[in-house]
Amino acid sequence: MPTTKKQYKRVTTNSLIDMKSNGEKISMLTAYDFTMAKIIDNAGVDVILVGDSASNVMAGHETTLPITLDQMIYHASGVVRAAKRSLVVVDIPFGSYQSDSKEALRSAIKIMKESGAHAVKVEGGMEIENALSRIIQAGIPVMGHLGLTPQSIYQFGTYTVRAKEEAEAKKLIEDAQFLESKGCFALVLEKIPAKLAKTVAEKLTIPVIGIGAGAHVDGQVLVSHDMLGMTHEFHPRFLRRYLNLFDDMTSAVKQYTADVKSLNFPNESEQY
Ligand code: KIV
């Protein structure tokens, strides 16, 4: 029996918990600028993540490590200006919360104050306890992130599936329960076995949003440039491409160049 979807004028952290208890799956996509965020918000996506994947997608870096706090705030500000319904969550970038809890709080406050975002996201479990507690005590909603955590890529060495071994799976479950107990409002699980993600989603009351974590979680997130096919060199199994914008945009740009060269653009009606 299809359930009637509750209408949310503005998605909040509480709406997400509500969706989990009503069995409604949560949709989340990344955005790093006003125009993309406007499309995503208007299409009814529940959560917009201003991910530090902006480091790869927008700036062309190999990892998420180089992006700075000010650059994240710049991206987030445009997204916040566009989002009328979606909850906007912003990644605290690498190096802005790991060294001490005071710096973590300063970074979270700076994001909230200067971008107008609604929540922040951090990577890691028990090892970030102090940072996490301090941010949450200040009244800032925090989304956790476990599994493949790209800010630790040099520790992992590869982008392969995490927590396939029992010891790592056990630690991930403990970390997930720890994040919930500390007050995180939701959790992202990246690239872990679907069975493990299902176990975590069943154990937690907060929503679990997966990327490469299978179908039995409370919601899904993808990088919008990947699912729209604007990027084309990245083919993980979990990625569904809904468009092939790389090819479509290339054709349009080629046509434009050809039109300029052949004096076909602008024509009579395209000038003053
Ligand atoms: O930065 C990002 O885009 C993310 C998602 C992959 C969850 O953290």
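Predicted model: local features only at pLDDT ≥ 70, side-chain atom pairs only at ≥ 80, totals over all residues.
Residues are numbered from 1 along each chain as its sequence is written, and side-chain values use heavy atoms, with hydrogens and water left out. Local features need pLDDT of at least 70, side-chain atom pairs count only at pLDDT 80 or more, and totals for chains, interfaces and linings use all residues.

The ligand sits in the largest pocket. A pocket is found on a 1 Å grid over the protein atoms alone, as an open set of points where a 1.4 Å probe fits, with protein on both sides within 12 Å along at least five of seven lines. A molecule sits in a pocket if more than half of its atoms lie within 2 Å of its grid points. The surrounding residues are Thr30, Leu49, Gly51, Asp52, Ser53, Asp91, Lys121, His145, Val188, Glu190, Ile211 and Val223. The shell holds four nonpolar, four polar and four charged residues. Here Ala, Val, Leu, Ile, Met, Phe, Trp, Tyr, Cys and Pro count as nonpolar, Asp, Glu, Lys and Arg as charged, and the others, Gly among them, as polar.

In Ser53, a side-chain N or O atom is 2.5 Å from an oxygen atom of the ligand. For Lys121, a polar side-chain atom lies 3.0 Å from a ligand oxygen. For Asp91, the corresponding distance is 3.2 Å. On its own the ligand has 260 Å² of accessible area, and the protein covers 95% of that. Accessible areas come from the Shrake-Rupley method with a 1.4 Å probe.

Asp91 also belongs to strand E3, which spans residues 87–91 and contains Val88. Helices (H or I, at least four residues) and strands (E, at least two) are DSSP runs, numbered from the N terminus. Val88 has a relative accessible area of 0%, so this residue is buried. Buried means under 20% relative accessible area, exposed over 50%, and partly exposed in between (1.4 Å probe, protein chains only). Val88 and Ala119 are 31 residues apart along the chain, yet their C-alpha atoms are separated by 6.6 Å.

Ala213 occupies the loop between strand E7 (208–211) and strand E8 (219–222). Its relative accessibility is 1%, so Ala213 counts as buried.

Ala31 lies in the loop between strand E1 (26–30) and helix H2 (34–42). Ala31 is buried because its relative accessible area is 0%. Ala37 lies in helix H2. Ala37 is also buried, at 0% relative accessibility.

Some backbone angles deserve mention. Ala163 has a phi near 60°, a positive value in a residue other than glycine. Ala163 lies in the loop between helix H7 (153–156) and helix H8 (166–182). With a relative accessible area of 3%, Ala163 is buried. Lys191, not a glycine either, has a positive phi of about 50°. Lys191 is in the loop between strand E6 (186–190) and helix H9 (194–203). The peptide bond from Phe265 to Pro266 is cis, with omega near -5°. Pro266 is placed in the segment after helix H11 (245–261).

How values were computed. Near = heavy atom within 4 Å. Polar contact = N/O pair within 3.5 Å; in protein donor to acceptor, adjacent residues only side chain to side chain. 1 Å grid on protein atoms, 1.4 Å probe; cavity = no way out; pocket = protein on both sides within 12 Å on 5 of 7 lines; lining within 4 Å.
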